[in-house]
Amino acid sequence: MVQVAVLGYGTVGSGVVEVLETNWESIAKKAGEEIKIKYVLDLRDFPGQPVEKVLVHDYEVIVNDPEVQIVVEVMGGVEPAFTFTKRALEAGKCVCTSNKELVARHGLELLELAKEKQVNYMFEASCGGGIPIIRPLSSSLTADEIDEISGILNGTTNYILTEMAEKYADFNKVLKEAQDKGYAERNPEADVEGHDACRKIAILSSLAYGSHVNYEKIYTEGITKITVEDMKYAAAMGKSVKLLATSKREGDKFSAMVCPVLVGRDNPLYSVSGVFNAIFVHGNMLGDAMFYGSGAGKLPTASAVVGDVVDCAKHLHENIMLGWSGKELELMDRKDTTHRFFVRVKGSVSENLEQAEALFGPVSLVEAEVAGEFGFVTELMSEGDFEEKAEKLPSMISRIRVRA
């Protein structure tokens, strides 16, 4: 029998308990032996609930119990999750987590510690909720040179953008609805400002390219400046606005960015709507592949965590290598990356088009039912070149990057 302790009995923690108890028989067959929850750690009491029988409030009980072989960390945040995880690994226990903030900040250190102690630190649920992506990158696709990862990695922002596009609804109104439905946190900053997606693309890139990607060095924009007018132009172009987290290998150079992007109908990410997530991967041998599913939610995320628990149970005291090295990957200067840009401009076409073309060269006009302004799409140019030209166009309202 493999004994497990769960740190945190919130949404995901309670889901982990439910999955392990509901599917215990099939899980035992896959793991090769029964997996049993010995402890659940939480500050709260749950009188009258079944979890009360295994509930503890003191982490020392767990870390000092030699019978606990696997610790599930689903507390969220950096502390005390980092300290608890580190101590568990030092004590020779495997750790499974859904905590993308912790993995992005301390994942490399914890992986190295796990290797030293011949245990495992696993985090399948940290990047795609219930979507399997960590394991494919670290095992199934190891024969490939991955040259691009691009994805919709946050269900909250995708839900908001979908509602704005379908109903031409204001960002703040849709955000409030998302909060009321439980899709957005009371403090939604990590989601809507792109920080959550940034951490996830840093983790995925570190695994795909084999070197550490520092999430703090990834250029990140959120969706708070996207408007109803942007959605009208997007519809006129036959495109949709998505918050994309992207990293690319171009020769011996690497880039990474999180920002709103206009994607066309031919792009596999175009039709990913609502709270769903999707991760597009391109390999030099594989070609294109896409992983799609529920990127969040109690049971999908818990299912991914329990998948890691089973993997750990099958490899107790045997470290599974992940290709995430300590060498930091140097990212290109954002200003050297290239895009096409959709630009909104105040005034009429007759008054402003000539100046726009003098600055940006040939542009494609976009007609939409938006009074007092017009839009156009530039040709491919560097970020730095675009910013330099945009400063000379005082009538510019906003810009969004464009991809096919």
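The side chains of Lys 298 and Glu 18 meet in a salt bridge, 3.6 Å from N to O. A salt bridge here is a side-chain nitrogen of Lys or Arg within 4 Å of a carboxyl oxygen of Asp or Glu. Lys 298 lies in helix H13 (residues 298-314) and Glu 18 in helix H1 (residues 11-22), so the pair ties together parts that are 280 residues apart in sequence. Helices are DSSP runs of H or I with at least four residues, numbered from the N terminus. Lys 298 is partly exposed, with a relative accessible area of 34%. Glu 18 is also partly exposed, at 32%. The cut-offs are under 20% relative accessible area for buried, over 50% for exposed, and in between for partly exposed (1.4 Å probe, protein chains only).

This is a predicted model: local features need pLDDT of at least 70, side-chain atom pairs count only at pLDDT 80 or more, and totals for chains, interfaces and linings use all residues. Residues are numbered from 1 along each chain as its sequence is written, and side-chain values use heavy atoms, with hydrogens and water left out.

Side chains of opposite charge can pair when their charged atoms come close. The salt-bridge count for this model comes to 25. Among them is the bridge between Lys 86 and Glu 109, 3.5 Å from N to O. Lys 86 belongs to helix H4 (residues 81-90) and Glu 109 to helix H5 (residues 100-117), so this bridge ties together parts 23 residues apart in sequence. Lys 86 is partly exposed at 29% relative accessibility. Glu 109 is partly exposed too, at 33%.

Helix H5 also holds Glu 101, which is linked to Arg 199 in helix H11 (residues 195-209), 98 residues apart. Glu 101 is partly exposed, with a relative accessible area of 24%, whereas Arg 199 is buried at 16%.

Salt bridges can also join into a network. Here one links Glu 221, Arg 334, Glu 383, Glu 387, Arg 399 and Arg 401. Lys 232 lies over the face of Tyr 168, 5.7 Å from the ring centre. A charge sits over a ring if NZ of Lys or CZ of Arg is within 6 Å of the ring centre and within 35 degrees of the ring normal.

Now turn to the rings themselves. The structure holds 12 aromatic pairs. Rings of Phe, Tyr and Trp (its six-membered ring) pair if their centres lie within 6.5 Å; planes under 30 degrees apart count as stacked, over 60 as edge-to-face and the rest as tilted. Phe 360 and Phe 386 have ring centres 5.5 Å apart and planes at 35°, so the pair is tilted. Phe 360 lies in helix H14 (residues 349-360) and Phe 386 in helix H15 (residues 383-390), so the pair ties together parts 26 residues apart in sequence. Phe 360 and Phe 386 are both buried. Phe 374 and Phe 376 form another tilted pair, 6.4 Å centre to centre with 35° between the planes. Both of these residues are buried. Ring pairs link Phe 341, Phe 360, Phe 374, Phe 376 and Phe 386 into a cluster.

Methods. Helices (H or I, at least four residues) and strands (E, at least two) are DSSP runs, numbered from the N terminus.
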